[in-house]
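My notes are below the picture.

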Amino acid sequence: MADILSTLDALRQQRWYAGQIADIEPLPSRAPTYAVPDPALPEPLASLVRKMGIPELYSHQVALLGHARLGRNVIITTATASGKTLAFNLPVFETMLESRTATALYLYPMKAVTQDQLKVLKRFEQGLELELHPAVYDGDTPADKRPRIRQRSRLVLSNPYELHQILPYHYQWQQFYRNLRYCIIDEAHTYRGVFGSNVAQLIRRLRRICTYHGSNPQFFLASASIANPQELAEKLTGKEFVHVGDDGAPRGRGWLVLWNPLANENMSIHVQTQHLVTHFAGAGLQTVCFVPSRRLAELISRWVKERTPELAVSPYRAGYIPEDRRSIEAGLSSGALRGVVSTDALELGIDIGSLDCIIIAGFPGTFASFWQQAGRAGRKLQDSLVVFIGYADALNQYLLRNPALILERGFEAAVIDLTNPYIIKGHMACAASELPLRREEIDDAANPNPKARTTNEVRMTNAPTTSGNPESAAPSPKSLVPGPDVRLAAVRELEKELILRPTPVGWIYAGRTRPQEEVALDAIEESAIEVVADGRVIETMDRTRACREAYPGAVLLHQGETYVVKALDLEQQRAEVERKDVDFHTQVIQREEMRLLETQLQRQLGPGITISLGRLEVTATYTGYRVKKYDQLIATHPLDLPPVKFPTVGIWLVFSGETALELQEQGCDFTGGLHAAEHALIALAPLVAMCDPRDIGGGSYRMFPDTMLPTIIVYDGYEHGIGISEKLYAEFDRLSRIAHSLVAQCACERGCPACVLSPRCGDANEPIDKQTAVAILGRLQPTG
Amino acid sequence: MRTFDPDKYEPDVDPDSDGRPDTVSAFREQLRRDYEGMPFEKVMPGDVVENDFGSCYRLTATSRGGLRRGDAGRTRKDLLGSVSLIRGIRSKTQARLKEQGFKTLADLENHPRFSGESKRIRELLEAGSTEELTEVIGARLSKSHPSVLGLSGLHADSDFLFLDLETMGLFAGQPLVVAGIARLGPDNTITVDQYVVRDFPDELALLAEVNRQVAEHRVLVTYNGKSFDLPFLTGRSAYYGIGLKQPGVHFDLLHFCRRAWRGELEGCSLRSIEQSILGISRETDLPGELVPEFYYEYLRTGNAGFLKPIVDHNRQDVVSLINVFASLVEHWSARSE
């Protein structure tokens, strides 16, 4: 293999090199830490592990096993390829060797991964000479295979979407649920935001079914590195967790190269990406390049092939037929394939071995994803390289200047909201269709404390209670988890709509449809608008987002492909789109009005500045849209859409009149400064609250009617919020610190897309004052 | 042939052709007018059934009539003549056995290889073990083979339970609102009991009642019950956590009708069988898909008039089960004569 450092040096000799390497940071190398399980693994399992080529177990694998044996729920967050799968399979198979009935459920966010994991489980099954009939049970499982899986499979692999659909048929799975000992949730960090908040309710429904059938499964979660693994796990499942994070796997020497494509003004970012792939793969380093869209994956790999036909390089993305995917994965493992240009489809759990060089083109949105991708580099103890190509926007450019932020890892927190009334309402209806919903469950459904519910409470036969009203059952002690009141309100509303009806054994579902079909896990139910291309629903979005992104004429990006919206019917909840390659993009022009409803928390930030967390109402009017090619305005069109009004959760910063005067006296444009500061805060909020920039909205006012003072507002872009603002409030010091350094460090004079200019600004970035923003953000810093 | 008289059960919502409502909304309006403020018991005279799980409402009607079913002697004879019922005997073997003089199961009892199984089938026939015989025939011939229906001849009147459900949807997470059950009584009587959910708290008691009756009868007769009624009942019972004993023999007439009349008929819905085979057309019948809507209307308004067409529809369905059963038996006995 070529020497990595000399390959890197050779880069500087290329004609297209113009100083793009902004920095090279060494990645820490580490010797392995091994440990020995005590008591030892049962012999068949120990010898199988040895046969798999694993002479010794890493410390984190043994740690997980130890907790598991004590009946604890565990979340593990060690690096990609550190043997997390083996870690949670050890306790599972130890149990399988002892028990003739125990079952386990494995949930993965993507179908492609389950097939891979099925192979792993089969290897264990055969090696241990057990008959467990591991099987994938998902949307692709043929109807004639399903009954047998339900009856005899003791290891079932599925995904949340499927689980959501099959829960009402739990009686067909009696054996399985009654004996469910373990529930494994892999890639847990993907369960955040709207999706995660829905999955958290789904897991509560699963636990409810288990309780009914007399089991209380232990949970093992695996996640990329995040700031709040334990909190995420506990919110997702409602159970107490221990966290295993000390990675015992070895790592060779590695370097993180920060590549700023803007240093070469004459060559586009994508062409530079192609050059980098060609350079490293051509030098003998097996390379995977992650790009943000399917189209780019195809395009860049085609360019590489055109330039260097003898180089074996292939694109990889979701949507390929399984055989094609397998052959690419096999090519990577065998080394026959020298390079792959991929979307994030290759990021999750797919076993492709480790590589010499990973190129990450554009920040993938979260550090968790970044390190999942980067973690593919480094084969055993050999040298490896991670190249980060920073795109032109504020976030990417900020990261190029502050690699420490990347190296720090685990900075961002996955947010989940357990109180969003829409999400709760949908799942309450689903739950009531699975088993009658009892009054005490309303108080306790999200019960985080497994002790409060034991298996001997299970009633296989429901005898009628004395009264005809589920309300009269004595409520159990209030749980610590928020939400009983939200759940009760949801039930009341459903009752009013004749969807739930009270009976002596609890509320039963009496709606007109199968509620599981109505509740989408990746949308907030009541306002889900289906985006339809060629008669196929490609995604769903809530009403607000549809008005913002799927108005007639809009260019919509879906998985990197461009679609043009033909019609938006808000009543039919449907947007018709057409797949079309266009070289322009569109941008809605909106006017937003905000009204503060209730302050829940408040604290002083600096002299004359407070931050509050609370509820507010946003009214958005979409008046038109701009058509732009690159950054060139081509046209402006009017839009005729009804205003969207929605309640949500937000934070607001209120400045005293003195602060404003002080800055103004220094000759600052205070209004422009507030606006610029708002942009910087919103641009970096995803780094703190692990969300998409599109999930957040905001506004800034020289004088805000509800406070009569200068105010900056940042809010969750979803009705009733999904937990982002709560996180921003809690982590505000961190957010204001990085926002301040983003703007202060930027070399531009008057603000640029890399700091305070937002491509999504409804006011076309007017007025904007970068220097005042630095002063304002500086005053937000905690003193001392 | 004596059949149950369906005319007796014609829905009495204005059968007079002049005033017949022609649209659903007019029908609704008429129901509202005719029954508004009328007490439940007056709209549908019946009684309240109580059990350990609560109570529900019951309408009972008794009529004279009987069930034409397979002839016991003939069924036995037919089955004893079917050597292909024995595992391992296909057409080739059958021809060879015939040459060797093994023409019936009785002959085969002397055969070195097939004696055991032929003896077992004879004994099953003698014991009237239709549960096992249904499986034997189903596995060797077809589950909808005429001789399966012929097994009905081996049963006593009191074994039969005819069942039809009205539900709030096709998904077993939705409630059951009416269950119609017909039984054959002594002295050529047929009793139709309809259990009605006055509001959802009644459903559990209704289920318990229906499950008890299913458990007490050896033979269940339904139309499309293998795909719908029985799985639905199973799902609802599981939902409430009460047991349901699966019936020993289940004649799902849909499958027999398909076999008997496919090709001759446009569809095999109960409605089209009624029209083409029984010569019945329902004058004012509530289409099944409107059941949930009318039930909601009843719940919202408290006007039992909206429940009445559901109950009438259900009664007609149950009555038709008996008549379709008879027609099938007649169809096949006529053909084989």
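These entries go through the chains one at a time.

**Entry 1: what kind of model.** I am working from a predicted model, so I noted that before anything else.

**Entry 2: chain A, secondary structure.** I looked up the elements and got 26 helices and 29 strands for chain A.

**Entry 3: chain A, overall dimensions.** I took the C-alpha trace of chain A along its principal axes and found a span of about 75 × 65 × 55 Å.

**Entry 4: chain A, burial and contacts.** I asked what share of the 784 residues of chain A counts as buried. I got 52%. For contacts in chain A between residues at least 6 apart in sequence, I found that 74% join residues at least 24 apart.

**Entry 5: chain B, secondary structure.** I moved on to chain B and counted 14 helices and seven strands.

**Entry 6: chain B, overall dimensions.** I boxed the C-alpha atoms of chain B along the principal axes and got roughly 80 × 45 × 35 Å.

**Entry 7: chain B, burial and contacts.** I have 42% of the 337 residues of chain B down as buried. Of the chain B contacts with a separation of 6 or more, 71% are between residues 24 or more positions apart.

Key:
Residues numbered from 1 in each chain as written. Chains lettered and ligands numbered in written order. Predicted model: local features only at pLDDT ≥ 70, side-chain atom pairs only at ≥ 80, totals over all residues. Helix = DSSP H or I, 4+ residues; strand = E, 2+ residues; numbered from the N terminus. Buried ≥ 20, exposed ≤ 12 C-beta atoms within 10 Å, placed from the backbone. Contact = placed C-beta atoms within 7 Å.
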